[in-house]
Amino acid sequence: MSTNKLSHIPKTIVLVGLMGAGKTCIGKRLARRLGLPFVDADDEIEKAANCSIDDIFELYGEAAFRDGERRVIARLLNGPVHVLATGGGAFVNDATRAQVKETAISIWIRADIELLLSRTGRRNNRPLLKNTDPRKKLETLIAERYPAYEQADIVIESGNEFPDVTVDQTLDTLQDLLLSLNHSIAGVPR
Ligand code: S3P
């Protein structure tokens, strides 16, 4: 196994997709393999607001959360190259999506609804899935958001396989994309 660290990922890699798709899990591993820092946008929003996402929704409402989310992601995209996991609604915002398209490589981590339900059901920390029928809500979000997610540069299916299998597949697809852009990620440890 090569121990070379990749030094030429040209742009920040942004993971998008619904709650429970595995953006954070895949993003952390991807960052490690690429030798890049990992940032979770939701954590950054909580730090900036000094408040949990639950509390932001509760105290200030979803619109205020979305505004903070857009600003935090804009700041991160202006910073050094990293792997960024975004919250499920981020890429639906026109300004955020345009900035991602211009400055980063976007990867849609896509999972089927049964997997999304089982993963999001493990923790009660998503305001949009509280006090509602989670299946119905996820179906609505799928209908509303997939047209935006489909605009990502890369689509990766995430199922029940080990996360590293998904990461391998992501690296291969990323490599193809970067090669087509005249870059190479050969040397990434596998
Ligand atoms: C949201 C997804 C959450 C978080 C917030 C809103 C959404 O992030 O940003 O609860 O609108 O889908 P995850 O996708 O990481 O769960």
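1. Start with Thr96. Leaving out residues up to four places away in sequence, Thr96 touches Arg70, Ile73 and Ala90. Contact here means heavy atoms within 4.5 Å. Thr96 sits in helix 5. Helices (H or I, at least four residues) are DSSP runs, numbered from the N terminus. Thr96 is buried, because its relative accessible area is 3%. The cut-offs are under 20% relative accessible area for buried, over 50% for exposed, and in between for partly exposed, with a 1.4 Å probe and protein chains only.

2. A word on the model. This is a predicted model, in which local features need pLDDT of at least 70, side-chain atom pairs count only at pLDDT 80 or more, and totals for chains, interfaces and linings use all residues. Residues are numbered from 1 along each chain as its sequence is written, and side-chain values use heavy atoms, with hydrogens and water left out.

3. Helix 4 with helix 5. Helix 4 covers residues 62-77 and helix 5 covers residues 94-103; they pack at an angle of about 10°, with their axes 10 Å apart. Helix 4 is therefore roughly parallel to helix 5. Axes are lines fitted to C-alpha atoms, for helices over the stretch in contact, and angles run from 0 to 180 degrees between N-to-C directions. Angles under 35 degrees count as roughly parallel, over 145 as roughly antiparallel, 65 to 115 as roughly perpendicular, and the rest as oblique.

4. Who meets whom there? From helix 4 come Arg70, Ile73, Ala74 and Leu77; from helix 5 come Ala95, Thr96, Gln99, Val100 and Thr103. By class, this contact of helix 4 with helix 5 has five nonpolar, three polar and one charged residues. Ala, Val, Leu, Ile, Met, Phe, Trp, Tyr, Cys and Pro count as nonpolar, Asp, Glu, Lys and Arg as charged, and the others, Gly among them, as polar.

5. Helix 3 with helix 4. At what angle do the axes of helix 3 and helix 4 cross? Roughly 130°, and the axes come within 7 Å; helix 3 is residues 53-60. That makes helix 3 oblique to helix 4. Ile53, Ile56, Phe57 and Tyr60 in helix 3 meet Glu62, Ala64, Phe65 and Arg66 in helix 4. The residues of this contact of helix 3 with helix 4 split into six nonpolar, no polar and two charged.

6. Helix 6. In helix 6 (residues 113-120) the buried residues are Ile113, Leu115, Leu116, Leu117 and Thr120. These buried residues pack against helix 7 (134-149). At the start of helix 6, a side-chain oxygen of Asp112 reaches to within 3.1 Å of the backbone nitrogen of Glu114. Ser118 is also found in helix 6. Ser118 is partly exposed, with a relative accessible area of 37%. Ser118 and Gly20 are 98 residues apart in sequence, but 8.2 Å apart in space, C-alpha to C-alpha.

7. Val167. Is Val167 buried or exposed? Buried, because its relative accessible area is 0%. Val167 belongs to helix 8 (residues 163-180). Beyond its neighbours within four places in sequence, Val167 is in contact with Ile26, Arg29, Leu30 and Arg33. Val167 and Ile154 are 13 residues apart in sequence and 13 Å apart in space, C-alpha to C-alpha.

8. Cysteines. How many disulfides are there? The count comes to zero, taking a disulfide as a pair of cysteine sulfur atoms within 2.5 Å. Cys25 counts as partly exposed, at 31% relative accessibility. Cys51 is buried, with a relative accessible area of 15%.

Key. Helix = DSSP H or I, 4+ residues; strand = E, 2+ residues; numbered from the N terminus. Polar contact = N/O pair within 3.5 Å; in protein donor to acceptor, adjacent residues only side chain to side chain.
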